[in-house]
Amino acid sequence: MKSILSLILLATLSTSNAQDVSDYKYVIVPQEFPDFKKNDFNLPPRLKTFLRRKKYEIIVEDNGNNRPLELQNNPCLATKVDLQSVKSTFKNKLKVIFTDCNHSVVGDFEGVSSIKEFEKGYQEALQVAMNQVKTQSAKNTPVIQNSNNIISTTTDQTVTNQTSANQNINPYYKLDGKNYEVATTSNGNFVLINQENSQIVAQFYPSTQKNIYHVNIIVPEGNYQTIGYVNGNNIMIEYRTALNSWELKTYTK
């Protein structure tokens, strides 16, 4: 029952905190779109052009080695775009759909053209749809503040203290014999840092519910989203153990 409630709560929080396409710096563009596999009508290069005009950085799918390090460490910084054909009589119609790292739709834009010729019609429909997409306005990666000392999160998710005088200011928590430090950011978020290697293992973002957080788990196997709780001297995170299976772990102060 607890697992079911947790999944429902996670889905509710994700919906309540849905982002806009303009919140993303990167857009992942597939090599091809299923609905236009037989004939792409020269839509992919035009889509990339429209995205660049709106200040988005294009990431070609299946080319992970060339992705920026911050995106390799946190795939949720990017949204993925898809082009879908929509059946329409005497008109060419398509949708430009953007999804986040959890496959949730963050943008759905429809374009219609009265031009009967497929290539020119779909190209005009694409332009109509993309005119509705806002210009990229993603915020910079937050800087972690350690009291009077500032700590920056580097692209490989390693945190480096600029001075050693303030290393014991932030609270510490324990789990499985390991120590973890909590460092807050300027906008109320906080991160959990493995004291042994100074790597960020989880990023916390406040939800609409008190003491409940959206959590981005950072692991070599691939980052993912979950939920976490703060209860007195404990920080609790629901870790994914398998598909649709979760385990609650508690970090104790």
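Student: How many disulfides does a search of the whole structure find?

Tutor: The search finds 1 disulfide. This is a predicted model, in which local features need pLDDT of at least 70 and side-chain atom pairs count only at pLDDT 80 or more, while totals for chains, interfaces and linings use all residues. Residues are numbered from 1 along each chain as its sequence is written, and side-chain values use heavy atoms, with hydrogens and water left out.

Student: What makes C76 and C101 a disulfide?

Tutor: A disulfide is a pair of cysteine sulfur atoms within 2.5 Å. The S to S distance of C76 and C101 is 2.1 Å, so the pair meets that definition. The link of C76 and C101 is right-handed, with 90° about the S-S bond. C76 lies in the loop between α3 (69–73) and β3, and C101 in the loop between β4 and β5, so the link ties together parts that are 25 residues apart in sequence.

Student: Why are α2 and α4 called roughly parallel to each other?

Tutor: Axes are lines fitted to C-alpha atoms, for helices over the stretch in contact, and angles run from 0 to 180 degrees between N-to-C directions. Angles under 35 degrees count as roughly parallel, over 145 as roughly antiparallel, 65 to 115 as roughly perpendicular and the rest as oblique. α2 and α4 pack at about 25°, with their axes 11 Å apart; they are therefore roughly parallel.

Student: Which residues of α2 and α4 meet?

Tutor: Contact means heavy atoms within 4.5 Å. L43, R46, L47, F50 and L51 in α2 meet Y122, Q123, L126, Q127 and M130 in α4. These residues divide into 7 nonpolar, 2 polar and 1 charged, where Ala, Val, Leu, Ile, Met, Phe, Trp, Tyr, Cys and Pro count as nonpolar, Asp, Glu, Lys and Arg as charged, and the others, Gly among them, as polar.

Student: Why do β2 and β5 stand at the edges of the sheet?

Tutor: Helices (H or I, at least four residues) and strands (E, at least two) are DSSP runs, numbered from the N terminus, and two strands pair if DSSP finds at least two bridges between them. The open sheet of 5 strands has the order β2-β1-β3-β4-β5, with mixed pairing. β2 (57–60) and β5 (105–113) each have a single partner strand, so one side of each is left without a neighbour in the sheet. From one strand to the next, the twist averages 30°.

Student: How do you know that β1 and β3 pair?

Tutor: 3 bridges join β1 (residues 26–29) to β3 (residues 78–86), and the definition asks for at least two. The two strands run parallel, and I28 stands opposite K80 in β3. Helix α2 (residues 43–53) packs on this sheet, touching β1, β2, β3 and β4 (92–99), and its direction makes about 145° with that of β2. Helix α4 (residues 118–130) lies across β3, β4 and β5, at about 45° to β4.

Student: What pairs with β14 in the antiparallel sense over 8 bridges?

Tutor: Strand β15 (residues 245–252) does, and its S245 is the bridge partner of A242. β14 and β15 form a hairpin with 2 residues between them, and N244 in the turn has a positive phi of about 60°. β13 (residues 224–231) pairs with β14 (residues 234–242) over 4 bridges, also in the antiparallel sense. There, Y229 stands opposite M236, and G232 in the turn of that hairpin has a positive phi of about 60°.
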